[in-house]
Amino acid sequence: MKGKNNVGKRNKWRKSMVLALALAGGLLFNTVQPTEVHAEETSQQMMDKKAKIDTEVKKLQEELKKLQQEIDEKVKVFNKVQADIKEVDANIVDTKKRIEQRSVILSDRMAAYQAQDNTVGIYLNAVLESKSFADLMDRVVAVKTLMDADQELVDQQEADKANLEKQKATLDEKQKELQKQFQELQEKESEMEVKKAENEAKSLALKAQIATKQEEERLEAERKAAEEEAARLRALQAATPVVQATNNNNNSNDNDNSDASNSSKANNEKSEQKVVVGSGSGTASSGDAISTAKQFLGRSYVWGGSNPSTGFDCSGLVQWSYQQAGVSLPRTASQQYLATQRISASEARVGDLVFFSYGSGIAHVGIYLGNNTMIDAQNKGVVIESLDWWNQYLVGFGRI
């Protein structure tokens, strides 16, 4: 009897345990299940957010891609004008050669005629000295041929001289067109640099929204740096000051943020401005950089070129030349302007960088050689030239 009671108690205990486990299971189900659903919703939200951010980042990339396509089209036009100029140059050389060769022949003829009484006398004697009618006819034909040949030479000479003038006019137009394309390309580069920095900051801000805490801190620091760079480039593009002959040394970038209307007024006065430029001695590194740059004199201008294998644009030549001298510089003219110390024109010395603008941002840069000259890569290639013409676009000087 006692054994049966024990068995009953055990069964009752087992039933209690089963009931307890069932209740625990129910409670566990009721508490855990909602948590799993919530986690699933959070994950989906994060995926949606990431997809949205990826789309926004892609739009920023598309903006840059579109701007790059515009630049590429301008490069094609620039290269076409360059090719046209080479063809016109070659035609001018050929025309000049023909004129020179023909001038020698005509000069010899003129000298022979002047040795006689007159040209008609020579031909008249040739006819009168004929020994027969057949001989007379032969002489008449010969004289006619000579007279026609002389006239043809003169006509050809006049035609080539007229053609040469037309070719020179065409060359002048093409060179002006090339200069215009060169300026537009430089301005587009400034625009591209601002857009790159702005979009980089936006992209980093978007990516930080779905980053881990550690990644978020890194992305935030990079975003701030990109925003600062974008702000500096934007201010530089919006208002470009013109250097004054009386400028004092100023290490700040206050000029970068000059009022746009003041910049416009200064631009209107550029052509009347007499800029006094110094010619102080350069450093060892600037001397090495200039020696490197001079090795490429005559090399054609290549948009985006930054080394001898590709060719050079203006900032590419400056960057490469100083890199060979052990000095690191940013890639673009705008960035090089921001990376150098502002100095007055009167304090300029050999090896300083000289910067120019066509109205929107820093568009061109060269290496100052002293005596009012610089070496630069421009629309006609790598050249040493006077600053006289460039003074109308002069922004200022930068010391490395």
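This note sets out points on the helices, aromatic pairs, strands and cores of a predicted model.

1. Basis. Residues are numbered from 1 along each chain as its sequence is written. In this predicted model, local features need pLDDT of at least 70 and side-chain atom pairs count only at pLDDT 80 or more, while totals for chains, interfaces and linings use all residues; side-chain values use heavy atoms, with hydrogens and water left out.

2. Helix α4. Helices (H or I, at least four residues) and strands (E, at least two) are DSSP runs, numbered from the N terminus. Helix α4, residues 213-238, has 26 residues and reaches 37 Å from its first C-alpha to its last, close to the 38 Å expected; the expected span is 1.5 Å times one less than the number of residues. Its buried residues are Leu 219, Arg 223, Ala 226, Ala 230, Leu 233, Ala 235, Leu 236 and Gln 237, where buried means under 20% relative accessible area, exposed over 50% and partly exposed in between (1.4 Å probe, protein chains only).

3. Helix α7. Eight of the eleven residues of α7 (residues 314-324) are buried, so this helix is largely enclosed by the rest of the structure. The buried residues are Cys 314, Ser 315, Gly 316, Leu 317, Val 318, Gln 319, Ser 321 and Tyr 322. Just after α7, Gly 326 takes a positive phi of about 85°.

4. Aromatic pairs. A search of the whole structure finds eleven aromatic pairs. Rings of Phe, Tyr and Trp (its six-membered ring) pair if their centres lie within 6.5 Å; planes under 30 degrees apart count as stacked, over 60 as edge-to-face and the rest as tilted. The ring centres of Phe 78 and Tyr 301 are 5.4 Å apart with planes at 65°, so this pair is edge-to-face. Phe 78 belongs to helix α1 (residues 2-115) and Tyr 301 to the loop between α6 (284-294) and β1 (306-307), so the pair ties together parts 223 residues apart in sequence. Both Phe 78 and Tyr 301 are buried.

5. A second pair. For Phe 356 and Trp 390, the centres are 5.0 Å apart and the planes at 50°, so the pair is tilted. Phe 356 lies in strand β4 (residues 353-356) and Trp 390 in the loop between β7 (381-386) and β8 (394-399), 34 residues apart. Phe 356 has a relative accessible area of 0%, and Trp 390 one of 1%.

6. The aromatic cluster and Tyr 358. One aromatic cluster is formed by Phe 78, Phe 182, Tyr 301, Phe 356, Tyr 358, Trp 389, Trp 390 and Tyr 393. Tyr 358 is found in the loop between β4 and β5 (364-370) and is buried, with a relative accessible area of 14%. Its C-alpha is separated by 8.6 Å from that of Glu 184, 174 residues apart along the chain.

7. Strands β6 and β7. Six bridges join β6 (residues 373-378) to β7, and the two run antiparallel; strands pair if DSSP finds at least two bridges between them. They form a hairpin with two residues between them, and Gln 378 has Gly 381 in β7 as its bridge partner.

8. Nonpolar cores. A nonpolar core is a set of buried Ala, Val, Leu, Ile, Met, Phe, Trp, Tyr and Cys residues joined through side-chain atoms within 4.5 Å. Of the 63 residues in the largest one, Tyr 322, Leu 353, Phe 356, Ile 367 and Phe 397 touch the most other members. Helix α1 gives the most to this core, with nine residues. Apart from it lies another core, of five residues, among them Leu 204, Ala 208, Leu 219 and Ala 226.
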